[in-house]
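Morning, everyone. I have one structure to show, and I'll keep it short. Let me put it on the screen.

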Amino acid sequence: MVLQAHEGRLITAPGPRVLVATAVPAERDAVARAFGTRAHEVPLPGVSTETLHRVGDGRYDLLAAGVGPALAAASTATALTAAALHGTPYALVVSTGIAGGFPPDAPLGSLVVADAVTAADLGAETPDGFLPVTELGFGTVHHRPPESLVREAAAATGARVGTVLTVSTVTGSAERAAELRARHPRALAEAMEGFGVAEAAAAHGTPVLELRAVSNPVGPRDRAAWRIGNALAALTEGFGKLAPVLESWTSHDRHDPAERTP
Ligand SMILES: O=C(O)c1cccc(C(=O)CC[C@H]2O[C@@H](n3cnc4c(=O)[nH]cnc43)[C@H](O)[C@@H]2O)c1
């Protein structure tokens, strides 16, 4: 499939394309390093600040989509819409980057793949505790990536499988960490974009995967203890192992449409 001309050369993608959304450029570049080659920058229509970084023979578009679920959703939706209008839609969206891990289940430097991408603070406080937005009669708080893809991604990368929470406020106390784990006993990690990316993907009927590398424990704030370099290295290594899985999974008609994000 011909995607575009670049410096007089046609960039082609041999198969289905994957959009990879990180929060910040350092995470995007960690993913790009897994492909070894220089990324081609492709403008994103209507967005002056960010470009797509195209790698892997044009199969992967990497996007630093911004910090937090709202900006990540807006940027991801823009990229999905632009690709659809161009006639080159994505077959899969991957939300990735660093994350806080719930000790002891997700240690520093480990990888986590989400079998549930969960909005942890979307709802209402009541005298009886937190109510998720679904109990108020609205929307959804979980997106479930396709089971077969989660299974294969975990097998290839060695990632632990569990819930990855999306929060708008980074947890900064032991009390809040315990509260989140009490509400979400299967939570392994928290980050700030997955649910927003998944909402955008769902609006386009595109499946989503979330892979995170743990840079810090979820708990009392200690920014000096974040091991961002180690986590970014784990992300590069993990993505190198993940890419063949993504290529196989998106190329074959093995995935059950019922598994897709609604
Ligand atoms: O300062 C740097 O060099 C640097 C390099 C890469 C990434 C960063 C970030 O600050 C990324 C912010 C991003 O990380 C996720 N994150 C990481 N730990 C947590 C956490 O404990 N709770 C919630 N989110 C976390 C999150 O997705 C942020 O958007 C800096």
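**What surrounds the ligand**

Start with the shell around the ligand. Its residues split into 11 nonpolar, three polar and five charged. Keep in mind that this is a predicted model.

Which residues come nearest to the ligand? There are 19 residues around it, and the nearest are Ile98, Glu190, Met192, Glu193 and Asn216.

Now the polar pairs. Take asparagine 216: a polar atom of its side chain is 2.8 Å from a ligand oxygen. Methionine 192 uses its backbone instead: an N or O atom there lies 3.1 Å from an oxygen atom of the ligand. Glycine 100 also brings in a polar backbone atom, 3.3 Å from a nitrogen atom of the ligand.

How much of the ligand does the protein bury? On its own, the ligand exposes 610 Å². The protein buries 81% of that.

Next, the whole chain. It has six helices and 14 strands. The radius of gyration is 18 Å, and the globule rule gives 18 Å for 262 residues, so the chain is as compact as a globular protein of that length. Along the principal axes, the C-alpha atoms fill a box of roughly 60 × 40 × 35 Å.

Two backbone spots before I stop. Most peptide bonds are trans, and most residues other than glycine have a negative phi. Here are the exceptions I picked out.

From proline 103 to proline 104 the bond is cis, with omega near 0°. Proline 104 is in the loop between β7 and β8 (111-119).

Conventions: Residues are numbered from 1 along each chain as its sequence is written. This is a predicted model: local features need pLDDT of at least 70, side-chain atom pairs count only at pLDDT 80 or more; totals for chains, interfaces and linings use all residues. Side-chain values use heavy atoms; hydrogens and water are left out. A residue is near a molecule or strand if one of its heavy atoms lies within 4 Å of it. A polar contact is a pair of N or O atoms within 3.5 Å; within protein, one must be able to donate a hydrogen and the other to accept it, and residues adjacent in sequence count only if both atoms are side-chain atoms. Accessible areas come from the Shrake-Rupley method with a 1.4 Å probe; for residues, only the protein chains shown count as cover. Ala, Val, Leu, Ile, Met, Phe, Trp, Tyr, Cys and Pro count as nonpolar, Asp, Glu, Lys and Arg as charged, and the others, Gly among them, as polar. Helices (H or I, at least four residues) and strands (E, at least two) are DSSP runs, numbered from the N terminus. The radius of gyration is taken over C-alpha atoms; the globule rule is 2.2 Å times the number of residues to the power 0.38.
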